Amino acid sequence: MSQYIEKKGNIMGKGIYIDSCSRGCGKTALCMGLLNSFKKIFNDVGFFKPIGHKYENSQKHDIDVDLIKSTYNLEEPIDSINPFSLEQ
């Protein structure tokens, strides 16, 4: 990985998958910390939450996705970041 850090280039297709057996354990906080660190090293970083389940009011997408998209100015459409949402 150090050769990629030195280049500060894009690493297409590399990814980290964060998962747990329970909700509310800090996955979003961990992802935000990683995004903060990676944005300092790499030109392009992204976030993907395939299945969302936390909503406010009549939102169609997970509130964590809205938070991360707006905090990190992600250009991808929200439907690409969170393509599937479970109903409450």
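Mentor: Let's settle on helix α3, residues 63-71, where Asp64, Val65 and Ile68 are buried. Viewed down the axis of α3, these buried residues fall within an arc of 100 degrees, so they line one face of the helix. The general rule behind this is that an α-helix has 3.6 residues a turn, so residues three or four places apart point the same way. Please keep in mind that this is a predicted model.

What does that face pack against? The buried residues of α3 pack against α2 and α4, the latter spanning residues 78-81. Ala29 is found in helix α2, and with a relative accessible area of 54% Ala29 is exposed.

Now to the two ends of the helix. At the start of α3, a side-chain oxygen of Asp62 reaches to within 2.8 Å of the backbone nitrogen of Asp64. After α3 comes Asn73, whose phi is positive, near 50 degrees.

Leaving out residues up to four places away in sequence, Lys49 touches Asp62, Asp64, Val65, Ile81, Asn82 and Pro83. Val65 in that set is one of the buried residues of α3.

The charges deserve a moment here. Side chains of opposite charge can pair when their charged atoms come close. The structure holds 2 salt bridges. In one of them Lys49 pairs with Asp62, with the closest N and O atoms 3.2 Å apart. This pair links distant parts of the chain, since Lys49 is in the loop between α2 and β1 while Asp62 is in the loop between β1 and α3, 13 residues apart. Asp62 is buried, with a relative accessible area of 0%.

Lys49 forms another salt bridge with Asp64, where the closest N and O atoms are 3.3 Å apart. Here the loop between α2 and β1 meets helix α3 itself, so the pair ties together parts that are 15 residues apart in sequence. Asp64 is buried too, at a relative accessible area of 9%. Through shared partners, the salt bridges join Lys49, Asp62 and Asp64 into one network.

For contrast, let's step out to the surface. Ile51, Phe84 and Leu86 form a nonpolar patch there, with about 270 Å² of accessible area together. Phe84 belongs to strand β2, residues 84-85, and is partly exposed at a relative accessible area of 45%.

The protein chain has 4 helices and 2 strands, and read along the sequence they follow the pattern α-α-β-α-α-β. Of its 88 residues, 24% count as buried. Among contacts between residues at least 6 apart in sequence, 53% join residues at least 24 apart. The chain exposes about 6,600 Å², and carbon and sulfur atoms supply 53% of that area.

Definitions and conventions: Residues are numbered from 1 along each chain as its sequence is written. This is a predicted model: local features need pLDDT of at least 70, side-chain atom pairs count only at pLDDT 80 or more; totals for chains, interfaces and linings use all residues. Side-chain values use heavy atoms; hydrogens and water are left out. Patches are made of residues with over 30% relative accessible area and no salt bridge: like charges are joined within 9 Å, nonpolar side chains (Val, Leu, Ile, Met, Phe, Trp, Tyr) within 5 Å. Accessible areas come from the Shrake-Rupley method with a 1.4 Å probe; for residues, only the protein chains shown count as cover. A salt bridge is a side-chain nitrogen of Lys or Arg within 4 Å of a carboxyl oxygen of Asp or Glu. Buried means under 20% relative accessible area, exposed over 50%, partly exposed in between (1.4 Å probe, protein chains only). Contact means heavy atoms within 4.5 Å. The arc is that of the directions from the helix axis to the C-beta atoms. A polar contact is a pair of N or O atoms within 3.5 Å; within protein, one must be able to donate a hydrogen and the other to accept it, and residues adjacent in sequence count only if both atoms are side-chain atoms.
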